[in-house]
Amino acid sequence: MIRLTAAEAVVRFLAAQETELDGKRVPLFGGVWAIFGHGNVAGLGPALHAARRRLPTFRAHNEQAMAHAAIAYAKTHARRRMMACTSSIGPGATNMVTAAAVAHVNRLPVLLLPGDVFASRRPDPVLQQVEDFGDATVSANDCFRPVSRFFDRITRAEQLLVALPAALRVLTDPAECGPVTLALPQDVQTEAIDFPAEFFRPRLHRPRAPAADAEELAAAAEALRAAKRPLIIAGGGVKYARAEAALAAFAARHGLPVAETQAGKGSLAWDHPRNAGAVGVTGAASANVLASRADVVLAIGTRLQDFTTGSRALFAKARLVALNVAAFDATKHGALPLVADAGRGLASLGEALKDWAAPKAWQERAAIATARWRRTVDRVTAPRAGTPTDAQVLGAVNRAMPERGIVVCAAGGLPGELHKLWRATDSASYHLEYGYSCMGYEIAGGLGAKLAAPDREVVVLVGDGSYLMLNSEIATSVALGAKLTIVLLDNRGFGCIHRLQTATGGAAFNNLLDGAPQVDFVAHARSLGAEAVRCADVAALEAALPRAFAGKRTTVLVIETDPTRGTAEGGAWWDVPVTEVPRDDAQRVARAGWERGRKGQRTGG
């Protein structure tokens, strides 16, 4: 037996967990992000200090940002490694709730250890305590319940013997994976009991890879064999299963074009012969025309959210086969479910299909559409005179990108441009948070990606709106020597929502503010310790990028862009309801378009 405080037991247990990368055993947890306050400084603080060589502690400037960094770290490692985050009891804890939602939606593991109020209740109410008038068991940490895959409040130290293994089960399970919250009352953290030494032995966690059910496999194979116009949609589950090679082999053998979701982009290199491009609302014309004409869609490792399905209208008439490790996702939209690991599922499906292949005419149609779209990308990303569009900026960055570079982005208009236009070279090279579309993820996410892949160049693309929301981790990246190249596109407001507002019949209002101050982003970035350069145009940006890549310190490159222009090519209908009582011609036109779009939606399922 070993006598430890609850906080010491948590830290020792986390340090003992291991995973396997490239045949080597490595720590499962890459470290703990901590912003100390009352609620964790006197409990977890000393425990983390004592274990700092085995389990490094990192300090951020914002609790939401540190959780974003932890999430990005896990995403970059395809969920094989992860991080924990600890905060104080009040706003420090609730700051992490938004990040918990990001991890929940994107099926990514992060362990959240918020401090909590006294379990003993002796000094209640304490500073920052949220009191429920009708339920004394409620604290601010109950906000984590709906955005956690597993939640527990540890009111006795011995509960850790059950709670910590349960937490690891969820964090490492391919189907249940998501955020886990263990709320730790500040007095319990400091209380000691005798723990069995066996509890802290090293444990190796390998991702489970379930095989397909024989009957589901037979039904899926039958559906594909009957297809005349089959299409694969590759989601993030392909990457998390490390099934990129299996996907490439399957698509090549059976002649199927592959469309990619935001999470799945990069599953095939952009120039792979079977890569038909991005699918959905932010998709390429090539993939979307194939999706609209497909009679069978094999959706692999995707949640099939509305941006992928064109709000259930893009491939509404196709028969849907969903290969997914999570039954929850495999049964959406009335799909034929094939519940299995993506790699094993594709291998078994390939064996069942034998030499079957899609008709040659369909394969040729896909190749022609893809070649046409690639020419479109060349055209819309080429530099031109005048204030540049987002597409022209990302085109410059893409052309200058080092071979193994990683691009990181999240909310706003940029993800739509990136999804349809960016040329991803491998599965880690494209890092987008577009499940929760969380403004503020970008810079913190870039930091997490850099910590996970220190040998790769990490480029963050961020708009001025997101930058102003959460930029503090520039200072953290400088302090840690985790160099980022940040390209800040300044359209002087919320350009993406401005375009959506006017497209749905609304008047321009509250997004592009005429009286907003001209922010000196270069001076601001320098004040946080970064190098910074203002680029007058795309040519100046192209000249600055190689210098930023060669530098040793985080660099922010600022360029003004046009807030009114997005890429018109590509895309699919998105269900954004328009007023039922139009007041002007713009609203009447928008309402009529919305009603036409609704008629094509898949019903049921």
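**Exercise 1. Salt bridges**

Which residue forms a salt bridge with Asp329, and how far apart are the closest N and O atoms? Then place two further pairs, Glu20 with Arg206 and Asp562 with Arg565, by accessibility.

Solution. 

Step 1. The model is predicted, so local features need pLDDT of at least 70 and side-chain atom pairs count only at pLDDT 80 or more, while totals for chains, interfaces and linings use all residues. Residues are numbered from 1 along each chain as its sequence is written, and side-chain values use heavy atoms, with hydrogens and water left out.

Step 2. Apply the rule: a salt bridge is a side-chain nitrogen of Lys or Arg within 4 Å of a carboxyl oxygen of Asp or Glu. The count by this rule is 23 salt bridges.

Step 3. The partner of Asp329 is Lys332, with 2.9 Å between the closest N and O atoms. For accessibility, buried means under 20% relative accessible area, exposed over 50%, and partly exposed in between (1.4 Å probe, protein chains only). Asp329 has 4% relative accessibility and therefore counts as buried.

Step 4. Glu20 and Arg206 meet through their side chains at 3.2 Å, N to O. This pair links distant parts of the chain, 186 residues apart: Glu20 is in strand β2 (residues 17–21) and Arg206 in the loop between β11 (203–205) and α8. Strands (E, at least two residues) and helices (H or I, at least four) are DSSP runs, numbered from the N terminus. Glu20 is partly exposed at 31%, whereas Arg206 is exposed at 54%.

Step 5. In the pair of Asp562 and Arg565, the closest N and O atoms are 3.7 Å apart. Asp562 is buried at 14%, and Arg565 is partly exposed at 34%. Elsewhere, shared partners join the salt bridges of Asp116, Asp142, Arg145 and Arg153 into one network.

**Exercise 2. Helix α14**

Solution. 

Step 1. Helix α14 covers residues 342–353, which is 12 residues. From first C-alpha to last, α14 reaches 16 Å, close to the 16 Å expected. The expected span is 1.5 Å times one less than the number of residues.

Step 2. The buried residues of α14 are Ala342, Gly343, Gly345, Leu346, Leu349, Gly350 and Leu353. They cover an arc of only 160° around the axis, which puts them on the same side of α14. The arc is taken from the directions from the helix axis to the C-beta atoms. An α-helix has 3.6 residues a turn, so residues three or four places apart point the same way.

Step 3. The elements covering these buried residues include α8 (214–225), α10 (244–254) and β16 (319–324).

Step 4. Check both ends. Asp341 caps the N-terminal end, with a side-chain oxygen 3.0 Å from the backbone nitrogen of Gly343. Just after α14, Lys354 takes a positive phi of about 55°.

**Exercise 3. Strand β4**

Which strands pair with β4 in the parallel sense?

Solution. 

Step 1. Two strands pair if DSSP finds at least two bridges between them.

Step 2. Strand β6 (residues 82–87) runs parallel to β4 and is joined to β4 by 4 bridges. Phe29 stands opposite Met82 in β6.

Step 3. Strand β5 (residues 57–58) pairs with β4 over 2 bridges, also in the parallel sense. Val32 has Thr57 of β5 as its bridge partner.

Step 4. In β4 (residues 29–34), 6 of the 6 residues are buried, so the strand is largely enclosed by the rest of the structure.

Key. Contact means heavy atoms within 4.5 Å. A polar contact is a pair of N or O atoms within 3.5 Å; within protein, one must be able to donate a hydrogen and the other to accept it, and residues adjacent in sequence count only if both atoms are side-chain atoms.
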